[in-house]
Amino acid sequence: MKHVLTLIAAFIIALTGQAFARLGNTEEQVNALFGKPVDPGKPDSDGVTTNMYKNPTGEYIAVVHFLKGHSVAEAYSRVDRRKLSEKEVSIFLEGNSAGKEWKKDPRKLAWERSDHRATAWCETLSGRPTLLIQAKY
């Protein structure tokens, strides 16, 4: 029982806003949260660098796009390829809310932040149900 409680506590800590990147974070801030990227990228022709991370508990994969050293897009999926729960999606959105409200599109799994500075949607990428969050710039 003690082992189960420890796992639950670790899961809750892992899902707090401090455990995941936020739009606007610098590459150094994201690296401080996740550690070194498991797949570091090189800038593309537009100057965007894409790094892949695993969260400290190893349950999630995060792919973060950096432009001029700041996160402009993030994608979150589960390592086990299961669909993200509504609670998981809510936590990731809250972490990227910048104090604003996310408004859900009633027709699909998509959201827009109330300041119109970010959008989010769910889709399956490479067989992984994924939440994508993108800043509008």
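Predicted model: local features only at pLDDT ≥ 70, side-chain atom pairs only at ≥ 80, totals over all residues.
Strand 3 pairs with strand 2 (residues 60-67) in the antiparallel sense, over 8 bridges. Within this pairing, Phe66 stands opposite Ser71 of strand 3. The hairpin formed by strand 2 and strand 3 has 2 residues between the strands, and Lys68 adopts a positive phi near 55° there.

Strand 3 is also paired with strand 7 (residues 128-135), again in the antiparallel sense, through 5 bridges. Here Glu74 is placed opposite Ile133 of strand 7. Contacts of Ile133, leaving aside residues up to four places away in sequence, include Glu74 itself as well as Val72, Ala73 and Tyr76. Leu23, Phe92, Leu93, Asn96, Trp102, Thr119 and Ala120 are likewise touched by Ile133.

Ile133 also belongs to the largest nonpolar core, which comprises 21 residues. Together with Leu93 and Leu131, Ile133 touches the most other members of that core. At least two core residues are supplied by each of helix 2 (27-34), strand 2, helix 3 (86-95), strand 6 (118-125) and strand 7. The largest share, 4 residues, comes from strand 2. In soluble globular proteins, nonpolar side chains tend to be buried together.

How values were computed: Residues numbered from 1 in each chain as written. Heavy atoms only, no water. Pairing = 2+ DSSP bridges. Core = buried A, V, L, I, M, F, W, Y, C linked by side-chain atoms within 4.5 Å. Buried < 20%, exposed > 50% of the residue type's maximum accessible area, 1.4 Å probe, protein only. Contact = heavy atoms within 4.5 Å.
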